[in-house]
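This briefing walks through one model by topic, beginning with a term on which several of the later points rest. Please keep the sequence and the coordinates at hand while reading.

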Amino acid sequence: MHAVTKNVGNSIPEPIIVESTAIKRILISRPNHRLGNLVLITPLVQEAINTFPDSQVDLFVKGNLAAAIFSNYGQVGKIIPLPEKPFSSLYKYFTGWMAIRSRKYDLVINANAGSSSGKLSVFLAKSPNKFYGEFNDAYDSKYADYDHEAKNQVYNLRENLLWPRASTGKDRVPCPDLRLKPDEIAAGKRCLKAITKNTRRTISLFTNATGQKCYPESWWCEFYQKLTARFPNYNIIEVLPKDKISRLAFQASTFHTHDIRQMGALIANTALFISADCGVMHLASAVGTPTVGLFSVTNEKQYAPYSPGSFAINTNLVSDREAFELIGQCLLNGR
């Protein structure tokens with residue numbers, strides 16, 4: 001795919017002069033199935049909706065998670081999913097690609113500069129206005145947080161659309177948002193109380209991650225012992241991954257579900273969420289819970305949680321003492 005798309009969308013686009021009322025149909029492309037990558041396009045979707053309030057936003061994705069993530073986005077229309085394993089479902093795979101050719105769009109956006117499939121989908125889509133998502137060094141100099149995966153395409157959109165509008169281009173980039181409904185949050189509160197059986201504030205942990213991002217069980221067990229000693233008046237629960245593996249050796253109370261909205265609703269009722277860089281970290285940030293992301297191999301400038309109260313800790317550079325001081329300050333300032 002990289003070979004096919006190496007010359008697609010390499011040039012920086014000329015700014016597009018357009019009236020907001022002229023944009024009715026938008027396609028945002030992020031053909032990736034991972035939870036974190038899909039949650040990280042919610043700021044771009046919000047920006048598109050805010051900029052073009054009369055538009056409908058279609059999504060070109062992979063897998064089935066997008067339907068749950070965007071279920072409360074009223075202006076998200078058609079979700080076009082590719083199968084997670086293309087060679088196991090070739091018909092669905094090619095049908096998905098053909099679907100983006102079946103309607104005309106007023107604006108098409110590749111949500112990730114490094115996605116070859118995203119660039120190819122923009123190339124194939126029918127639209128007079130196309131953004132391939134190329135990284136722009138000029139914007140990198142202009143915006144201190146341009147490196148962030150959730151933010152750079154928002155800045156690209158703002159810089160490349162020229163028309164009189166309310167935004168000055170200096171507005172804060174929207175935070176990731178799962179848009180939980182009040183009844184979902186209430187259900188999460190009941191579930192949390194059933195686990196903790198008290199009204200104390202709760203710290204939630206997620207100890208899983210992919211590849212080298214995952215800290216070993218010995219690291220998590222030591223971290224948990226220090227956390228319980230430092231914050232004895234807090235409940236501590238572990239949110240388990242799909243395979244129900246605990247890297248705390250089940251020392252803490254646990255919560256498990258395959259439903260990401262139920263998971264998000266429970267986390268939304270906790271005072272603080274801590275995990276390594278992973279999809280559930282971005283999910284926690286997207287439900288408004290102050291989120292501490294632990295980074296050891298990935299770049300925190302690209303993936304750090306940035307919702308209110310959230311921050312990243314590079315465990316290669318920050319000592320345990322400093323980390324717990326930051327966590328304590330976050331709890332003191334938080335909800």
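This is a predicted model: local features need pLDDT of at least 70, side-chain atom pairs count only at pLDDT 80 or more; totals for chains, interfaces and linings use all residues.

A residue is called buried under 20% relative accessible area and exposed over 50%, with partly exposed covering what lies in between. By that rule Ala 249, which has a relative accessible area of 44%, is partly exposed.

**The six-stranded sheet**

- An open sheet of 6 strands has the order S10-S9-S8-S11-S12-S13, and the pairing within this sheet is parallel.
- The edges are taken by strand S10 (253-255) and S13, each of which has a single partner strand, so one side of each is left without a neighbour in the sheet.
- On average, and with direction ignored, neighbouring strands of this sheet are turned by 25 degrees against each other.
- Strand S8 (residues 202-206) runs parallel to S11 and is joined to S11 by 4 bridges, with Phe 206 standing opposite Ser 275 in S11.
- Strand S11 (residues 272-276) in turn pairs with S12 in the parallel sense, again over 4 bridges, and here Phe 273 stands opposite Thr 291 in S12.
- On to strand S13 (residues 311-314), S12 is joined by 4 bridges and the two run parallel; the bridge partner of Leu 294 in S13 is Ile 313.

**Burial of strand S12**

- Strand S12 (residues 291-295) is mostly covered, since 5 of its 5 residues are buried.
- In a regular strand the side chains alternate between the two faces of the sheet.
- Both faces of S12 are covered, with Thr 291, Gly 293 and Phe 295 buried on one side and Val 292 and Leu 294 buried on the other.

**The five-stranded sheet**

- A further open sheet holds 5 strands in the order S4-S3-S2-S5-S6, with parallel pairing.
- Strand S4 (76-82) and strand S6 (130-131) stand at the edges of this sheet, and because each has a single partner strand, one side of each is left without a neighbour in the sheet.
- Between strand S2 (residues 25-29) and strand S3 (residues 56-62) the parallel pairing extends over 5 bridges, and the bridge partner of Ile 28 in S3 is Leu 59.
- Helix H5 (residues 90-99) lies across S3 and S4 and runs at about 145 degrees to S4.
- Helix H6 (residues 116-124) lies across S2, S3, strand S5 (107-110) and S6, running at about 165 degrees to S5.

**Nonpolar cores**

- The largest nonpolar core has 85 residues, among which Ile 28, Ile 203 and Ile 274 touch the most other members.
- Helix H11 (residues 260-268) gives the most to this core, contributing 6 residues.
- If neighbours within four places in sequence are left aside, the contacts of Ile 203 include Leu 227, Phe 231, Tyr 234, Leu 272, Ile 274 and Leu 331.

**Cysteines**

- How many disulfides does a search of the whole structure find? The search finds 0 disulfides.
- For Cys 278 the closest cysteine sulfur, in Cys 214, is 9.0 Å away from its own sulfur, which is too far for a bond; Cys 278 is also buried, at a relative accessible area of 8%.
- The sulfur of Cys 330 is likewise too far for a bond, because the closest cysteine sulfur, in Cys 175, is 14 Å away, and Cys 330 counts as buried at 9% relative accessibility.

- Most residues other than glycine have a negative phi.
- Lys 244, in the loop between strand S9 (235-239) and S10, has a phi near 60 degrees, a positive value in a residue other than glycine, and counts as partly exposed at 48% relative accessibility.
- Ala 249 is found in the loop between S9 and S10, and the phi of Ala 249 is near 55 degrees, again a positive value in a residue other than glycine.

Technical notes:
Residues are numbered from 1 along each chain as its sequence is written. Side-chain values use heavy atoms; hydrogens and water are left out. A nonpolar core is a set of buried Ala, Val, Leu, Ile, Met, Phe, Trp, Tyr and Cys residues joined through side-chain atoms within 4.5 Å. Buried means under 20% relative accessible area, exposed over 50%, partly exposed in between (1.4 Å probe, protein chains only). Contact means heavy atoms within 4.5 Å. A disulfide is a pair of cysteine sulfur atoms within 2.5 Å. Two strands pair if DSSP finds at least two bridges between them. Axes are lines fitted to C-alpha atoms, for helices over the stretch in contact, and angles run from 0 to 180 degrees between N-to-C directions.
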